[in-house]
Amino acid sequence: MDLLEYQGKQLFARHGVPVPSGKPATSVDEAVAAAGEIGYPCVVKAQVQIGGRGKAGGIKVARNRDEAHAHAQAILGMDIRGLTVHEVWIEGASEIASEYYASVIFDRTAKAPLIMLSTKGGMDIEAVADEDPDAIARLHVDPLLGFQEFHGRRLAYEAGVDADVVRPVGAMLAKLYNVFTAEEATLVEVNPMIVTPERDVKALDAKVTLDDNALFRHAENGALRDISAEDPQERMAKERGLTYVKLDGNIGILGNGAGLVMSTLDVVAQAGGKPANFLDAGGGSKADAITSAVEVILSNDKVQAVLFNIFGGITRCDEVARGLIEAFAQIKPQVPFVVRLDGTNDKEGRQLLADADLPNVHTESTMDGAAHKVVELAGAA
Amino acid sequence: MSILVDANTKLCVSGITGREGTFHSLRNRDYGTRVVAGVTPGKGGQDVEGVPVFNTFHDAVDRTGANTAMIFVPPRFAADSILEAEDAGIALIIAITEGIPAHDELRVYNIIKKNGRARLVGPNCPGILSPGKANVGIIPAAFFKEGNVGVVSRSGTLTYQIGNVVAQRGFGNSTIVGIGGDPVPGSDFIDVIALFEQDPETELIVMCGEIGGEAEERAADFIAANVTKPVVAYIAGFTAPPGKTMGHAGAIVSGSHGTAAAKAEALEARGVRVGRTPTEVAEVAVSLLGAAA
């Protein structure tokens with residue numbers, strides 16, 4: 001789960017990471033009131049989970065009430081690379097002497113947290129990594145040992161931070177590492193991390209990704225989910241306990257098992273089609289789960305044909321067939337279906353479908369054959 | 001021969017008294033696996049269809065000589081259960097549980113590695129099947145028979161898909177190992193491929209990868225340097241958009257990292273044949289085996 005900047009900063013503040021004080025606002029009036037409380041100059045920042053907010057005009061400094069009003073009005077409702085701004089964060093403007101970069105990343109290859117620190121902050125870190133990799137100091141921390149002060153010193157000296165801030169930068173890294181472990185994040189990134197003219201070190205931005213699987217231990221973080229940023233079909237699927245990812249095409253896909261579904265998308269694309277979604281109905285799906293999944297797939301009105309690709313292991317093909325028959329009874333789909341059933345109880349499943357004689361449902365025996373058939377039907381639709 | 005599980009496997013199941021745990025433990029036993037014990041705190045002294053249940057892994061090991069554990073408990077209890085099995089001296093721990101927090105996996109992985117006495121397979125995996133010998137987990141054994149193809153995979157159903165085509169052409173499997181779809185698997189491709197390389201029964205290795213991480217790229221280097229047997233690979237997720245988790249927690253393209261294209265390229269550059277569809281993988285495998293026969 002990705003947090004908005006201000007949610008990340010509020011999380012930081014709880015762990016003693018220095019951040020500028022601020023307030024969120026969802027309306028122009030709220031924004032102006034918040035600016036009045038915080039004082040001028042202040043910054044009005046669009047809260048969307050995407051980079052390049054500044055360039056898009058989503059971050060503006062307000063020197064007085066009129067400017068705060070004008071900026072809030074311009075930014076709320078603004079579209080930034082496809083995302084609508086529903087919320088702004090108003091914070092006190094900071095004076096900047098230096099801009100650094102700091103992050104703690106869950107490095108799955110090294111099986112350890114990776115801390116990165118650079119004096120080249122405030123710019124795209126991937127570009128820095130490509131053009132000047134030596135400008136980024138990197139250090140893995142043994143998760144059984146945890147962060148030690150020497151880690152902070154090594155990173156600060158290697159990155160070449162100003163000599164008088166080696167200690168506060170190290171202290172900042174310790175606090176960010178603490179956020180990473182205590183909140184079970186998979187990413188904690190601060191860009192820029194600034195040094196003020198008074199030589200204070202502050203987090204001027206916050207990018208935090210939390211592990212969804214760990215939310216049961218962090219009930220307070222569960223409420224941070226940004227529902228407005230979620231796709232309606234994806235939200236509907238989540239509420240029904242289905243794993244669904246929306247894609248751009250017109251062929252709805254349902255399969256069982258993440259690997260098989262990914263593979264089905266690939267095979268459909270190779271056959272010249274464009275998948276409309278990824279949907280893993282999971283292992284052991286019962287008929288009602290299949291019916292529910294068909295509803296989610298068809299709620300995307302771009303879908304012109306649907307492919308079921310089932311290899312039954314724990315999942316029984318007769319259950320899948322029953323679910324499809326039930327879905328036809330309930331929602332009477334207007335698009336063609338191609339169904340490939342193989343594995344546990346496949347004969348029973350195919351027999352059920354044959355007996356039901358559903359309109360515009362085609363059965364295929366192989367994955368490749370089914371992919372070609374659905375591409376042909378979607379093209380003809 | 002086979003790898004990891006066989007007639008010497010003495011299995012203890014954590015979570016045997018749960019609905020899924022009971023169902024799959026008994027299915028494993030029906031297949032011929034020696035299921036010697038179960039562990040459920042508070043239910044020690046009971047039994048599940050004749051399988052004795054203990055309160056702790058230590059009791060189970062002392063009383064039954066269990067050498068393999070299967071973890072079937074819910075995610076919030078799974079890390080503790082894996083570490084308990086390790087502490088009790090279990091040599092092979094197979095974790096089926098899906099949804100274990102990433103930081104728990106990190107801790108468990110590093111503790112097991114540091115102690116150096118147990119091997120963890122999974123979590124979020126379908127288990128291990130050595131056809132004709134033992135089945136530990138949820139792999140539908142009926143589709144597979146004994147043979148000379150070793151399979152290692154991040155995905156369950158994709159393995160069944162490929163294995164089924166191989167079986168239809170008359171070939172069988174030495175062992176099928178699901179390493180799971182999580183970001184921190186206890187065992188990776190390299191660990192399992194190294195075992196297949198040493199296994200006299202295995203003549204060809206199929207590896208089934210997917211987007212996310214660098215496990216396939218690292219396996220490619222390992223294969224080039226250490227593996228004499230033919231390896232055929234499949235990679236799922238060519239059409240996956242960046243930044244979206246495709247079902248498995250570990251299946252995500254992050255920026256430009258972890259793409260299927262990069263993985264396929266790395267493998268092919270090291271001489272590993274990569275099939276474009278599951279069917280093609282099976283066909284390549286069958287043609288290589290046919291040529292060897």
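Which order do the seven strands of the open sheet in chain B have? The order is 9-8-11-10-12-13-14, and the pairing is mixed. Strands here are DSSP runs of E with at least two residues, helices are runs of H or I with at least four residues, and both are numbered from the N terminus. Two strands count as paired if DSSP finds at least two bridges between them.

Before going on, some conventions. This is a predicted model, in which local features need pLDDT of at least 70 and side-chain atom pairs count only at pLDDT 80 or more, while totals for chains, interfaces and linings use all residues. Residues are numbered from 1 along each chain as its sequence is written, and chains are lettered from A and ligands numbered from 1 in the order in which they are written.

Back to the sheet: an open one of seven strands, in chain B. Its edge strands, strand 9 (134-137) and strand 14 (273-275), each pair on one side only. Within it, strand 10 (146-153) and strand 11 (173-178) of chain B run parallel, joined over five bridges. One pair to look at is Val149(B), with its bridge partner Asn173(B) in strand 11.

Next, helix 5 of chain B, residues 156-168. The expected span, 1.5 Å times one less than the number of residues, is 18 Å for its 13 residues, and the end C-alpha atoms are 18 Å apart, so the two agree. Because 10 of the 13 residues are buried, helix 5 of chain B is largely enclosed by the rest of the structure. Buried means 20 or more other C-beta atoms within 10 Å of the residue's own, with C-beta atoms placed from the backbone. Among the buried residues are Leu158(B), Tyr160(B), Gln161(B) and Val166(B). After the helix comes Gly170(B), with a positive phi near 95°.

Now the domains. Chain B is divided into domain 1 (10-121) and domain 2 (144-292), with bounds from an automatic or database domain assignment. Their centres, taken over C-alpha atoms, are 27 Å apart. Nine residues of domain 1 are in contact with seven of domain 2; contact means C-beta atoms, placed from the backbone, within 7 Å. On the domain 1 side, helix 4 of chain B gives the largest share, five residues.

Last, the chain interface. Here 41 residues of chain A are in contact with 47 residues of chain B. Which helix supplies the largest share of the chain A side? Helix 9 of chain A, with 11 residues.

Note on methods. Two residues are in contact if their C-beta atoms, placed from the backbone, lie within 7 Å. A residue is buried if 20 or more other C-beta atoms lie within 10 Å of its own, exposed if 12 or fewer, and partly exposed in between; C-beta atoms are placed from the backbone.
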